[in-house]
Amino acid sequence: MLELRNVWKSYRVGTLGSKRLTAVRDVSIDIAPGEVLSVVGESGSGKTTIGKMVLQLTSVTRGSILLDGADVTARGHAARKAYYRRVQGVFQDPFSSYNPIFKADRIFEAVRESYFPAVKRAEWSARVDDVLQGVRLDPGSVLGKYPHQLSGGQLQRMLIARALLLDIQVLVADEIISMLDASTRIDVLNLLGELKERGLGVLFITHDLSLANYISERVVIMRHGAVVEAGATGKVFTDPRHPYSRNLLASVPQLHRKWSDSDAEPEALEPDGDRDVPPPPLTEVDEHHWVAGV
Amino acid sequence: MTLEVEGLKVHYRTLKGDVRALDGVSFSLADGEIVGLAGESGCGKTTLGKSLIRLDGRMRHVAGTAVLDGEELPIGDDKAMNPRRWSAVSIIPQYSMSALNPTRRIGRMIAELLRSRGKSYRDHRDELVRRLELVGLEARVLDNYPIELSGGMKQRVVMVLSTLLDPSLLIADEVTSALDVTNQKAVAETLVRFRDMGFVKSMIVVTHDLSLVYQIADTIMVMYAGQIVEKAPAETIIKAPRHPYTRALIGALPEVGLEYGDERLQSIPGKPPHLLHPPTGCRFRARCPLAADECAAEPPIVAVEAGHEVSCWKAAD
């Protein structure tokens, strides 16, 4: 459904854009309906840039992004607005996603104003109640409140509900639960699971491997802007082939093993080289399991 | 005993009344002990950390004592606390990446800080450089402005700076939550190394991430609604938790290996009570799966084993 084909992204940085930073290098991924694809990597790996490109918040330098086979690059306001009916994003910090001086439910009204001006108020509030129940929120306890009166988990779920009002096909979820408490993050995570069962495609961007493993069938691990390992979640996590993936997996704090129990030193990794040369190609080492540069 | 806290109560003054962020907290810390302090947001864990070093304008010390190395900390007295800060008690703040003065080179900022404590930069510079190298930073960073360093580097500078005067007690408040996994591990292991090398005698690690604190802490305390509900060696808290709240917290953690299809993780229903008028009896009772009539009364503190204390009516079952 959503497909990235050999996508590259370079930013201009430095004084007057004198330098170039290549943030994403030759990334090809695809998401099917009813699937959660996780993109995992550390800060600076380019994972957020991928989300931004899918949401057209930044342009694609080379390559293309296709939705149902058609290039998504919108020309003009109308095309972009139509695109956002099908693809929406939710971001990391729920508190800065809202305008603190307005009530939080204003986000629903904004959707009505720009997309459904013909819908009557009564019918619209019935729809809002529906989607809120769909994200397991009690409409009575979240409507008419200011952002500071709601918890982070409630705010994130309202943003997801807002996206659902638009009948979207793809949701870009960029670190949406990393700022939430352990007790509420699970609700949001399970909600993503329910959305996938309803046929939505989710691009789940995270640095937390255990979350990626819990929620997604397929995972893509990125480093320095390029994909180093990709494939079925079970395979990548039980049998990581790239040294970077192994290091990453070893650093995850877990309850059934302590770091101090294993003496394994982190493996040496290739330093960040010239980012303009194409990254090592992915080879299929096993069914549904690709690794770069073996 | 490095630190002994007895019946500590700290309230926030608001227009509506006092918010009882810490409502009778007692615990002790042995020499060389790293204790993890876990709980949801708003349970008072940051307040506990801050109370031991500096109360901000809204906070009021109501009752209780904290004794550090045999000497009582004048918690409510800002002036009297000042000589103890940094040298006896030190903190790595929650947003340490923005803790550095952006208008000063790092070396100069540290020099000014030392001078404000009546110490000479020249005497401490060699030790400072040695410790920076220990965390993988070159002496050159002292000539940099904070903006020239990455988030992880700034974090390490602050860690070295906070422990430069070998404090007896270090409070590390959510030091890893803004970092990604590889940096998280490096920072957490550095904390342990600082303890092992004697830069700090003991440490309180405040975090909401139980799986991280399990990696480094000797003891874990779980806080709920301004009180400590369970305290035990790290291994015991994770393997044999007694308090329903601790169990729920652990039950909400996704582990590598667990998948959505196999088993649904459970969140904790409801939210922590507001501490303006905390509920009577057991404060977790409204969200507790085991709640019964007896829970309307203040729960007893039960010592299930040596070093394992639970504040729950059901602990004995």
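How many bridges join strand S1 (residues 3-14) of chain B to S2(B)? Nine, and the two strands run antiparallel.

Before the points, a word on conventions. This is a predicted model, in which local features need pLDDT of at least 70 and side-chain atom pairs count only at pLDDT 80 or more, while totals for chains, interfaces and linings use all residues. Residues are numbered from 1 along each chain as its sequence is written, and chains are lettered from A and ligands numbered from 1 in the order in which they are written.

1. The sheet in chain B. S1(B) and S2(B) belong to an open sheet of four strands, ordered S2-S1-S4-S5, with antiparallel pairing. Strands here are DSSP runs (E, at least two residues) and helices are runs of H or I with at least four residues, both numbered from the N terminus; two strands pair if DSSP finds at least two bridges between them. Strand S2 (17-29) and strand S5 (71-72) of chain B are at the edges with a single partner strand each, so one side of each has no neighbour in the sheet.

2. Strand S11 (residues 301-305) and strand S12 (residues 308-311) of chain B pair in the antiparallel sense through four bridges. B:Glu305 stands opposite B:His308 in S12(B). Two residues lie between the strands of this hairpin, and B:Gly307 takes a positive phi near 80°.

3. Two helices within chain B. Helix H3 (residues 106-116) and helix H4 (residues 121-134) of chain B have axes that come within 10 Å and cross at roughly 130°. That angle makes H3(B) oblique to H4(B). For reference, axes are lines fitted to C-alpha atoms, for helices over the stretch in contact, with angles from 0 to 180 degrees between N-to-C directions; under 35 degrees counts as roughly parallel, over 145 as roughly antiparallel, 65 to 115 as roughly perpendicular and the rest as oblique. On the H3(B) side, B:Ile110, B:Ala111, B:Leu114 and B:Arg115 meet B:Tyr121, B:His124 and B:Leu128 of H4(B). By class, this contact has five nonpolar, one polar and one charged residues. The classes are: Ala, Val, Leu, Ile, Met, Phe, Trp, Tyr, Cys and Pro nonpolar; Asp, Glu, Lys and Arg charged; the others, Gly among them, polar.

4. Where the chains meet. In chain A, 29 residues are in contact with 31 residues of chain B (contact means C-beta atoms, placed from the backbone, within 7 Å). Helix H8 (182-197), helix H9 (209-215) and helix H11 (243-251) of chain A each supply at least two residues of the side touching chain B. The largest share of that side, seven residues, comes from H8(A). Its make-up by class is twelve nonpolar, 13 polar and four charged residues.

5. H11(A) packs with helix H6 (residues 181-196) of chain B at an angle of about 50°, the axes being 8 Å apart. H11(A) is therefore oblique to H6(B). Here A:Asn247, A:Leu248 and A:Ser251 meet B:Val181, B:Thr182, B:Gln184 and B:Lys185.

Note on methods. Contact = placed C-beta atoms within 7 Å.
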